[in-house]
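Keep the sequence and the structure side by side as you read.

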Amino acid sequence: MADDKLLAFDTSTDMLSVAVRHGARVFAHSGPGGAQASATLIPLIRQLLAEAGLALADLDAIAFGRGPGSFTGLRTACAVAQGLGFGAGVPLLPVDTLQAVAEEARHRFGAVRVVALLDARMDQVYAARYDFDAPPDAPVEAELLAPEAVTVPEGWVLAGNAFAAYGERLPAVTRHAVLPTAEALLRLAPALLAAGRAVAPADAAPLYVRDKVAQTTEERAALKAAQQATPTP
């Protein structure tokens, strides 16, 4: 659409990324995320909307990175999107962060077949494959893997933020260090909106992939209890 009015933001990593599109013009900001994101996200949104000459109610949709990624970051993005969407009567567009990673690699480096990775901490990565030559509605499922379990088909590349932490443990193929950006969400938004992916604010939810940190804690406690209960030879 020639006069798209879209807001997008991602807080799934250590970088906070916000962008607004008003027709052909894009207003964007990126900076430190993490714990700062909850305090700086809404002021940045207001600033960029003002620069674009838009009010929240003018927007066609609000896109946000739904995950996987930092649990706190995903909850922040979803909660802010829901609050803004409810208040302004604007639909939400939850976008997979790994898809945004792949789109950033496509946009910056011309990558067509991308294995997108994000550092999941705890010695694991989130991974998903995106083929930009495939039909746009082709199903893609994110996985939680050990770095050694990541496979890259011939002719594909790796993209994401996991190389510093797990570089030698990942396949030795072409790599692009990129993050899921709000600008990538804006580029993906038109096709996703046309495919009917927008939802009401009440129906938006984060995509964690890893079940819950609490389960991992319980598993560790159970393992510790089992070890303590095991008789010493």
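In which strand is Asp119 found? Asp119 sits in strand E6, residues 113-119. Helices (H or I, at least four residues) and strands (E, at least two) are DSSP runs, numbered from the N terminus. The model is predicted, so local features need pLDDT of at least 70 and side-chain atom pairs count only at pLDDT 80 or more, while totals for chains, interfaces and linings use all residues. Residues are numbered from 1 along each chain as its sequence is written, and side-chain values use heavy atoms, with hydrogens and water left out.

Is Asp119 buried or exposed? Asp119 is buried, because its relative accessible area is 18% and buried means under 20%, exposed over 50%, and partly exposed in between (1.4 Å probe, protein chains only). Leaving aside neighbours within four places in sequence, Asp119 is in contact with Gln124, Tyr126, Asn161, Ala162, Ala165 and Tyr166. Contact means heavy atoms within 4.5 Å. Tyr166 is 47 residues from Asp119 along the chain, yet their C-alpha atoms are separated by 8.6 Å.

Now step into the loop between E6 and E7, where Arg121 lies. Arg121 is partly exposed, with a relative accessible area of 49%. Its phi is near 60°, a positive value in a residue other than glycine. Val209 also has a positive phi, about 70°, although it is not a glycine. Val209 belongs to the loop between H5 and helix H6 (213-229). Val209 is partly exposed, at a relative accessible area of 28%.

Two other loops deserve a look. Pro68 has its place in the loop between E4 and H2. A cis peptide bond joins Gly67 and Pro68, with omega about 5°. Ala24 is found in the loop between E2 and strand E3 (25-32). Ala24 is exposed, with a relative accessible area of 81%. The C-alpha atoms of Ala24 and Lys5 are separated by 9.6 Å, and the two residues are 19 apart along the chain.

Step back to the whole chain. The secondary structure comes to 6 helices and 10 strands. Of the 233 residues, 45% are buried. Among contacts between residues at least 6 apart in sequence, 64% join residues at least 24 apart. The accessible surface is about 11500 Å², and 53% of this belongs to carbon and sulfur atoms. Accessible areas come from the Shrake-Rupley method with a 1.4 Å probe; for residues, only the protein chains shown count as cover.

Next, the interior. In soluble globular proteins, nonpolar side chains tend to be buried together. A nonpolar core is a set of buried Ala, Val, Leu, Ile, Met, Phe, Trp, Tyr and Cys residues joined through side-chain atoms within 4.5 Å. The largest such core has 24 residues, of which Leu7, Phe9, Val18, Ile45, Ile62 and Phe64 touch the most other members. Strands E1 (5-10), E2 (15-22) and E4 (61-67) and helices H1 (37-52) and H2 (71-88) each supply at least two residues of this core. H1 gives the largest share, 6 residues. Ile45 touches Leu7, Phe9, Val18, Val80 and Leu84, not counting residues up to four places away in sequence. Apart from this core lies another, of 16 residues, with Leu98, Ala120, Tyr126 and Ala159 among them.

Last come the pockets. Rolling a probe the size of a water molecule over the atoms shows where empty space is left. On a 1 Å grid over the protein atoms alone, a cavity is a set of points where a 1.4 Å probe fits but cannot get out, and a pocket is an open set with protein on both sides within 12 Å along at least five of seven lines; lining residues have an atom within 4 Å of a point. Grid points are joined across faces, edges and corners, and a volume is the space filled by probe spheres set on the points.

The largest pocket holds about 650 Å³ of space. Its lining has 25 residues, and Gln99, Tyr130, Pro136, Leu192 and Arg197 lie nearest its centre. H5 supplies the largest share of this lining, 4 residues. The second largest pocket has a volume of about 330 Å³. Of its 18 lining residues, Ser12, Gly69, Ser70, Asp119 and Arg121 lie nearest its centre.
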